[in-house]
Amino acid sequence: MNHPIVIVGAGIVGASIAWNLARRGKPVLILDQTGIGKGATGRSFGWINANFAETPAYFALRSAAIDAHHEMEAALGPVATRWTGCLWWEDEGASFDAHVAELAAFGYEAQVVARPEIARMAPALATPPDQAIHVAREGGADGEVIAARLIEAAVALGAKIWIGPKANGFLRQGGRVIGVATDHGPVPASQVIVAAGAGAATLTGLPMANKPGLILRTRPLPAILGPIIMAPDVHFRQDAEGRIVAGEIFSGDGPGQASITTDPGSLALELIERIRVHLPGQEIEIERVTFGLRPVPKDGLPAVGPLEEGLYIASMHSGITLAPLIGTLVALEIAEGSEAPELAPFRPSRLS
Ligand SMILES: Cc1cc2nc3c(=O)[nH]c(=O)nc-3n(C[C@H](O)[C@H](O)[C@H](O)COP(=O)(O)OP(=O)(O)OC[C@H]3O[C@@H](n4cnc5c(N)ncnc54)[C@H](O)[C@@H]3O)c2cc1C
C-alpha cells in the first residue's frame, strides 16, 4: 500500500513543503492540531528580509528566499505581500555603522539614506531620523494568507489536509519511522516531515530556545505608509488592508518596558502609544493583539534535514522569509533523495 508523505504542521513552512511536493506529483497528507497558519505564522510581524543573518550561508539562504517569494507569487497569484522596502534605524552611532558594514560585507542591496530622503519615502513619520538603512527589495507579508493559499494550491493538486489531530510521537518498524502516532490514532506514512514550528521541541526533542513575541494590528487606515519602519522603540508596517501591524523590539522585556510574559496588555498599550507618536493625526486604534512563540532552534539557525530514517524536520525562525525557498529545497530532497547544498550548514544533527 502506498502511504502518503505526512507533514505535521500547516504553518507557512509545512504549507510550502506540501505545495512543492504536490507539484512534484507526490501524495501528501498535512496534519495540524489547530488550523492553517494558526501558529507562529499567523502571529508574525511578516518582515521578509535578509538582515541580521550572522553567517554568509544564512545570508545567502535568506537572500535567495526573497527571490523565492516572487517565484511563488508568480505561480500562485497575489498573496497580499507588499514589496515596500524597509527603513531601519533601530541602532545609532557605532552599532548603526557596524550594521551597515555587515550588510555591505554580505553584498546586501542596502543604502544609507538621510533625513530628507526618509521624509520623502515616509511623509507620515513625525520625526524622521538623521539616517536610516533602506533596503528596497524587502517586503511585508501576511503569513496566514500565504499558508492558506499554499494549502489551497496543494489540495487542488491532490494533497489532503486533516485539522484536529495532535501528533504525540512516531510509529517505527525495522529501524525506520513509518507513521505518526496521534490522539486520533496511528497515521501511516511513507515519510514524515515535522514542520511543527515551536512544537518541534516537544515532538522530536530538537533543542530549541523558542521566544515569545507580541504583535498588534490596528483598525484599517487609509494608505499612509510605504516602507516598513524599524525604529528603536517599535517596528511597524501597513498591510494590504490598511492595518498598521506592529511588534516590540526587545521581545517585550526591554529596559523600562512592560513584560511580554507577565503583562502583555500593558505592553500592547505601550506599543500603540509609541505608534501614535510616530504617526500623529491618525485614528490609530487596536483591533487585535496576538501572542506567539517564535520557533528558534538552539543556535538561532534553521534546522532542516533528516532526524532519522523516514523522519525529516524543518523548524526555523524567519520562516515567513524562508518558507518559499525551504519548501522548494525540502521537496527536492524528499522527492529526489538528493541533498541541496544550500541546506548543508543547517542540518539538525549539529544541535545534538
Ligand atoms: C512575534 C513574531 C514575530 C515574527 N517576525 C518575523 C518576521 O518579521 N519575519 C520572519 O521571517 N519571521 C518572523 N517570525 C517567525 C515566523 O513567524 C516563523 O518562523 C514561522 O511562522 C514558522 O512557521 P512554521 O510553519 O514553521 O511554524 P508555525 O506557523 O508555528 O506552524 C506550526 C504548526 O504546527 C502545528 N503543530 C505543532 N505541534 C503539533 C503537533 N504535535 N501535532 C499537530 N500539529 C502540531 C501548530 O498547530 C501549527 O499550526 C516571527 C514570529 C513571531 C512569533
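Tutor: Gly140 is in strand β7, which covers residues 139-140. The model is a predicted one: local features need a pLDDT of at least 70, side-chain atom pairs count only at pLDDT 80 or more, and totals for chains, interfaces and linings use all residues. Residues are numbered from 1 along each chain as its sequence is written, and side-chain values use heavy atoms, with hydrogens and water left out. Helices (H or I, at least four residues) and strands (E, at least two) are DSSP runs, numbered from the N terminus.

Gly140 counts as buried because its relative accessibility is 3%. Here buried means under 20% relative accessible area, exposed means over 50%, and partly exposed lies in between, with a 1.4 Å probe and protein chains only. Although Gly140 and Ile320 are 180 residues apart in sequence, their C-alpha atoms are 9.3 Å apart in space. Gly143 belongs to helix α5, residues 143-156, and it is buried as well, with a relative accessible area of 3%. The C-alpha atom of Gly143 is separated by 5.7 Å from that of Gly42, 101 residues away along the chain.

We now turn to the ligand. It is surrounded by 35 residues, and the closest are Asp32, Thr34, Thr41, Ala167 and Gly319; a residue is near a molecule if one of its heavy atoms lies within 4 Å of it. Elements that each supply at least two residues of this shell are α1 (12-23), β13 (211-218), β17 (286-294) and α8 (319-336). At least three shell residues come from each of domain 1 (5-63 + 143-207 + 297-351) and domain 2 (86-136 + 211-294), with bounds taken from an automatic or database domain assignment. By class, the shell has 15 nonpolar, 16 polar and four charged residues. Ala, Val, Leu, Ile, Met, Phe, Trp, Tyr, Cys and Pro count as nonpolar, Asp, Glu, Lys and Arg as charged, and the others, Gly among them, as polar.

Backbone atoms take part too. A backbone N or O atom of Gly319 lies 2.8 Å from an oxygen atom of the ligand; for Ala40 the corresponding distance is 2.9 Å, and for Gly46 it is 3.4 Å. The protein covers 95% of the 1,000 Å² of accessible area that the ligand has on its own, as found by the Shrake-Rupley method with a 1.4 Å probe.

Because 11 of its 12 residues are buried, α1 is largely enclosed by the rest of the structure; the buried residues include Ile12, Trp19 and Leu21. At 1.5 Å a residue, the 12 residues of α1 should span 16 Å, and this agrees with the 16 Å between its end C-alpha atoms; the expected span is 1.5 Å times one less than the number of residues. Just after α1, Gly25 takes a positive phi of about 80°.

Backbone angles bring us to two further residues. Most residues other than glycine have a negative phi. Ser318, in the loop between β19 (311-315) and α8, has a positive phi near 55°, and it is buried, with a relative accessible area of 15%. Phe52, in the loop between β3 (47-48) and α2 (56-76), has a positive phi near 50°. At 36% relative accessibility, Phe52 counts as partly exposed.

Definitions and conventions
Polar contact = N/O pair within 3.5 Å; in protein donor to acceptor, adjacent residues only side chain to side chain.
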